[in-house]
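User: I would like to go through this structure step by step. Please keep the answers plain.

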Amino acid sequence: MPDIKITPLGAGQDVGRSCILLSMGGKNIMLDCGMHMGYNDERRFPDFSYIVPEGPITSHIDCVIISHFHLDHCGALPYMSEIVGYTGPIYMTHPTKAIAPILLEDMRKVAVERKGESNFFTTQMIKDCMKKVIAVTLHQSVMVDSELEIKAYYAGHVLGAAMFWIRVGSQSVVYTGDYNMTPDRHLGAAWIDKCKPDLLISESTYATTIRDSKRCRERDFLKKVHECVARGGKVLIPVFALGRAQELCILLETYWERMNLKYPIYFAVGLTEKANNYYKMFITWTNQKIRKTFVHRNMFDFKHIKPFDKGYIDNPGAMVVFATPGMLHAGLSLQIFKKWAPHENNMVIMPGYCVQGTVGHKILGGAKKVEFENRQVVEVKMSVEYMSFSAHADAKGIMQLIQYCEPKNVLLVHGEALKMEFLKDKIKEEFAIECYNPANGETCVINTPVKIPVDASLSLLKAEAKKYNAQPPDPKRRRIIHGVLVMKDNKISLMNVEEACKEAGINRHLMKFTSTVKLEDSDPTMKTTEKLFNLLQEKLTDWNVTLQEGGTISVESVDLTIEDLNDKHKKVYVSWTNQDEDLGSYVLGLLQNMG
């Protein structure tokens, strides 16, 4: 049995640093190449020495697929291609190709210019890496080589996020990346064909969560923000530049407009201005409502939300600030947090998942003091709220995808070990399929049954359909195709006899069977022939029954000839080819019953 091998180099029983090695049919594919937000040492990148102890990995990897632009899925890409060494193809969607280099450059600036880190990629390396990228369109079938085929499907989550269907020979795998099964204010829900893959590799960030109604969460969020600014407090909302940011901006913008509020809302510019331009550019990736509104006005041109300046941090009075990044592990959001945290009037709302090791994770865990690298200790007196506006599928969404996609096996990545175990048991129980959750560096081997694809010729299928439809409806009746199995150029085809002979370049030999039936009938031969002709026409309404000039009756390729035996008896010769065995036997049976 052919195997599919999966080894997570990152995101195995862990969130962050997604990087999964997939081997099937002699091909090696790398799924995502992310970095870990919780580490500042070599652990932040996947361990590429697993592929080859040292030197370039090009000869060991057939292609790299990036599901979306979040750094935990593409952050290590320039490091892998330019420092470790990879010159093969990298596939991603058009929005991902446009946005990923901006986020990579922003992260490089933070790491190198502000923190002074070494062993990091340069701006030039990002550019060189992006030159290797081949952008794909949704539902476009891409042949990486003669045997390896990939196809992207809409994943929701963020602009340009895609799930990938990967096929080698008769084996297929679906890799979800991050996805969202419920539509939101600016993106649609994930969608994929009922492709029945051998394996579905799914993220499981919220493996045990079933989220409440979105409307309740939005109401709660707006109420908390409004209450805080009404008492003169400042609200910090750490977000990643694309995704939840646009979602929450649309939400606050419409609420401010409706309530006629005047408190300032700021958005840390730079990245987001570019981000909104990309949303305008890739408007077809957004949901129906935004596409309709876009004709009249642009949903991403905000009236109440203004660009933020660092000088505003110490401004007195109420304000709402969206700042990046979303886990409070660096950048402007962390800077603002340090200033505002000691004041109890203020509030921080964490709208998404926070990886262990980040400040966001610490304060959500209830930390009242946070210590930083330079021994600076910040007291957390501001109120800390967690509201999941995360664009990941919850447990219900994951089960929905499995039900829709009908995989033969499921493998969970990008989640916490304990939660994965719970979901794994649920999947096994509900779908009666095998489910795996390997740790980083652990290889999972999945056996797949051997499938031999056979092409059937159109004429053969049409002939079978005609025959089947001519019979009374019966859903339990088996549909049988008779044909000749032909193998040519490593392809197997089922053809009718004429096509097979033509393909093989041989003349067709026909075998005819003839059987005689004795009939008791004293009428002249012609009269008996007519009686028999009328009977066959009556019994075989769906067949072509003809009377030839010489007195022979034909039913398709079955011929009946009548001869006088004596005054009282006739002899009927019934001839048919082996093709019409069933019909010949049926006609013969009719005559025997008459005789």
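User: Which residue forms a salt bridge with Glu 257?

Analyst: This is a predicted model, in which local features need pLDDT of at least 70, side-chain atom pairs count only at pLDDT 80 or more, and totals for chains, interfaces and linings use all residues. Residues are numbered from 1 along each chain as its sequence is written, and side-chain values use heavy atoms, with hydrogens and water left out. A salt bridge is a side-chain nitrogen of Lys or Arg within 4 Å of a carboxyl oxygen of Asp or Glu. The closest N and O atoms of the pair are 3.2 Å apart, and the partner of Glu 257 is Lys 303.

User: Where in the chain are Glu 257 and Lys 303, and how many residues apart are they?

Analyst: Helices (H or I, at least four residues) and strands (E, at least two) are DSSP runs, numbered from the N terminus. Glu 257 is in helix 6 (residues 244-259), while Lys 303 is in the loop between helix 8 (288-296) and strand 14. The pair links distant parts of the chain, and the separation is 46 residues.

User: Is Lys 303 buried or exposed?

Analyst: Buried means under 20% relative accessible area, exposed over 50%, and partly exposed in between (1.4 Å probe, protein chains only). Glu 257, at 44% relative accessibility, counts as partly exposed. Lys 303 has 54% relative accessibility, so the residue counts as exposed.

User: Which residue forms a salt bridge with Glu 147?

Analyst: Glu 147 is partly exposed, with a relative accessible area of 43%. The closest N and O atoms of the bridge are 3.5 Å apart, and the partner is Lys 27. The pair links distant parts of the chain, 120 residues apart, with Glu 147 in the loop between strand 7 (141-143) and strand 8 (148-154). The residue in strand 3 (residues 27-31) is Lys 27.

User: Which residues are linked with Lys 27 in a network of salt bridges?

Analyst: Lys 27 counts as buried, at 12% relative accessibility. The residues linked with Lys 27 in the network are Asp 145 and Glu 147.

User: How many residues apart in sequence are the parts tied together by Lys 196 and Glu 406?

Analyst: Lys 196 and Glu 406 form a salt bridge, with the closest N and O atoms 3.5 Å apart. Lys 196 lies in the loop between strand 10 (171-175) and strand 11 (199-203), and Glu 406 in the loop between helix 11 (395-405) and strand 20 (409-413), so the pair ties together parts that are apart in sequence by 210 residues.

User: At what angle do helix 2 and helix 4 pack?

Analyst: Axes are lines fitted to C-alpha atoms, for helices over the stretch in contact (heavy atoms within 4.5 Å). Angles run from 0 to 180 degrees between N-to-C directions; under 35 degrees counts as roughly parallel, over 145 as roughly antiparallel, 65 to 115 as roughly perpendicular and the rest as oblique. Helix 2 and helix 4 are therefore roughly perpendicular to each other. The axes of helix 2 (residues 77-85) and helix 4 (residues 123-131) are 9 Å apart, and the angle is about 90 degrees.

User: How many residues of helix 2 are buried?

Analyst: Among the buried residues of helix 2 are Tyr 79, Met 80 and Val 84. Helix 2 is largely enclosed by the rest of the structure, because its buried residues number 7 of the 9.

User: How many disulfides does the count come to?

Analyst: A disulfide is a pair of cysteine sulfur atoms within 2.5 Å. The sulfur of Cys 354 is 18 Å from the closest cysteine sulfur, in Cys 249, too far for a bond. The count of disulfides comes to 0.
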